[in-house]
Protein chains: 2
Amino acid sequence: MKDVTTNLPTYEDMLAAHERIKPYIHRTPVLTSSYFNELTGAQLFFKCENFQKAGAFKVRGASNAVFGLSDEVAAKGVATHSSGNHALSLSYAAGRRGIPCHVVMPRTAPQAKKDAVRGYGGIITECEPSTTSREAVFAEVHERTGADFVHPYNDPRVIAGQGTCSKELMEQVDGLDSVIAPIGGGGMVSGCCLTLSTLAPEVKIYAAEPEQADDAYRSFKAGHIIADDAPNTIADGLKVPLKENTWHFVSHHVTDILTASEQEIIDAMKLTWQRMKIVMEASCAVPLATILKNPEVFRGKRVGVIITGGNVDLDKLPWMNS
Amino acid sequence: MKDVTTNLPTYEDMLAAHERIKPYIHRTPVLTSSYFNELTGAQLFFKCENFQKAGAFKVRGASNAVFGLSDEVAAKGVATHSSGNHALSLSYAAGRRGIPCHVVMPRTAPQAKKDAVRGYGGIITECEPSTTSREAVFAEVHERTGADFVHPYNDPRVIAGQGTCSKELMEQVDGLDSVIAPIGGGGMVSGCCLTLSTLAPEVKIYAAEPEQADDAYRSFKAGHIIADDAPNTIADGLKVPLKENTWHFVSHHVTDILTASEQEIIDAMKLTWQRMKIVMEASCAVPLATILKNPEVFRGKRVGVIITGGNVDLDKLPWMNS
């Protein structure tokens, strides 16, 4: 695996990414809701990446990595470890380029997720559900195939790709005061930082995190990366820790990190489905939950809210158990 | 109640309706899905009235009725009997005009529906869950208040309002071969007929109906209105029978009525939520279910599909029981 620690993407990388990936992604719509505007006292602009190709913003970074490869490197394919939206997105992008995508997934991952990755053409190698096994199996796949490793969020090509989302948002909505996005590994938030720190440095960037997976919050307050010890949250895309590259952006450009409880996340998720009629993941509800919890921060402001993805198991909706 | 039997709306009524209601409705987006295009072999354009004000296309007709009243008549308010989207929509429109809206609902209607009507400012009078009681209670309310009766679908002002939906669709999508919408009382389908028979008579109009509430299908085949005897379907907005005005449009302008089973409707509903990430009612899935069932009718065609509404009880999703 190549060392990307000091390899930060630039604003120009983000611009190049947008040109590169445009044929393979949707320019997702921005929705508004008079109900939520009245409820929060803010003007909210929801950037709907749940309508994105492969169902999540992750396809932006994955497509930038895949379509930026030379033909020679691309011929050996790409590889990653993920059981979530990055695996789907990388499989989708590789399929569009016609190259192999190797995905290392725990054998215990839900069958539906394995089926979805295979549906996009991904080649799954199963590992045991432990970091040790994942790393060993991934090293073997990487060595055997010579495929290019695309990390789910710490890769500069991925961060540059995610940055295209807030570029579109700024083109779609005038006069935003702030943007808020959920934070897990920090890929989307880093992309916002990358883009807005040059394009619109006056726009404040907030990150929203589950209380039960608040490693980014604690890292932000401490001034250095703190990884969570076995985080447990319904927002399952947000369990991963910050890494060097995403920490760089978060620590330099984020105004604040706000947190919400599991019940607040579930309530905000259900309310969004009810009022906006959109299917979105629990992770996407964390920003709205924190806005409802901290109305004084956002009242009277024009706020972009990133709805990150819509890949939900409709047979296991969280309010069914709450 | 005034007799509207021979009082059909004209194309000019529809145009006037659109100007009248524009400030109070959304011009809803048209979504496409490469997944569904591949699955059906057709090009489908989904007109998303689930994102409409009050969550359904019904607000078009209701707003046209409410905002077309003279100030003198409006002062006494409007009245209807409905436990569904028409009650919500009429309450919303009356609220925007600042006039009373009287709604007769069975006392057995779900509390959530009563709360939603009251949330929009509707004044509920409860009746027993029988036609006799509903008519008696409605007559009393009508007599006492002098409110203007707005029938959920047979009213020409309502049909003219619903016709604005396919006008927008024709402005949003070029070269449609056909339009398909669910049919219950026939308000939306009649609106499509009203608009398209003048604006684009080459566009075929299909209606989609649950097998278990197939009164429109049987009426269409028989050449006269046949009311269903206690229809029972998950598509609960589609249980009502055609009336004189809607029958006029259906019998003159509809190319065919197609039907789908309960399981086909539920499967199409769940698949749409999964792939398009939108929350929509079971009724809205009937068109897609019939397209999947009759691919030869639609293959290679450009087809407008009306997604009629998104007011769903998220605690009782039909696939939970199937």
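R144(A) and E140(A) are four residues apart in helix α7 (residues 131–145) of chain A, which means that about one helical turn separates them. Helices and strands here are DSSP runs, of type H or I with at least four residues for helices and of type E with at least two for strands, numbered from the N terminus. An α-helix has 3.6 residues a turn, so residues three or four places apart point the same way. The two side chains form a salt bridge, with their closest N and O atoms 2.8 Å apart; the term stands for a side-chain nitrogen of Lys or Arg within 4 Å of a carboxyl oxygen of Asp or Glu. R144(A) is exposed at 52% relative accessible area, while E140(A), at 38%, is partly exposed. In these terms, buried means under 20% relative accessible area, exposed means over 50%, and partly exposed lies in between (1.4 Å probe, protein chains only).

The model is predicted, so local features need pLDDT of at least 70 and side-chain atom pairs count only at pLDDT 80 or more, whereas totals for chains, interfaces and linings use all residues. Residues are numbered from 1 along each chain as its sequence is written, chains are lettered from A and ligands numbered from 1 in the order in which they are written, and side-chain values use heavy atoms, with hydrogens and water left out.

**Salt bridges**

Over all chains, the rule gives 34 salt bridges. Three of them are set out here.

| Pair | Closest N to O distance |
|---|---|
| K114(B) and E126(B) | 3.0 Å |

K114(B) is buried, at 5% relative accessibility, whereas E126(B) is partly exposed, at 37%. In chain A, salt bridges that share partners join K47(A), E49(A), R60(A) and E168(A) into one network.

**Where the chains meet**

How many residues of chain A are in contact with chain B? There are 21, and they touch 21 residues of chain B, where contact means heavy atoms within 4.5 Å. About 1,800 Å² is buried between the two chains, and carbon and sulfur atoms give 59% of this area; buried area is the accessible area (1.4 Å probe) that two parts lose on being put together, summed over both. Two salt bridges cross the interface of chain A and chain B. Helix α12 (residues 262–276) of chain A gives the most to the chain A side, with five residues.

**Aromatic pairs**

The whole structure holds 15 aromatic pairs over all chains. Rings of Phe, Tyr and Trp (its six-membered ring) pair if their centres lie within 6.5 Å, and planes under 30 degrees apart count as stacked, over 60 as edge-to-face and the rest as tilted. Y92(B) and Y120(B) are edge-to-face, because their planes stand at 90°, with the ring centres 6.0 Å apart. Y92(B) is buried, at 9% relative accessibility, and Y120(B) is partly exposed, at 27%. Y206(B) and F298(B) are also edge-to-face, at 5.1 Å centre to centre and 65° between the planes. Y206(B) is buried at 8% relative accessible area, and F298(B) is buried at 1%. Finally, ring pairs link W273(A), W319(A), W273(B) and W319(B) into a cluster.
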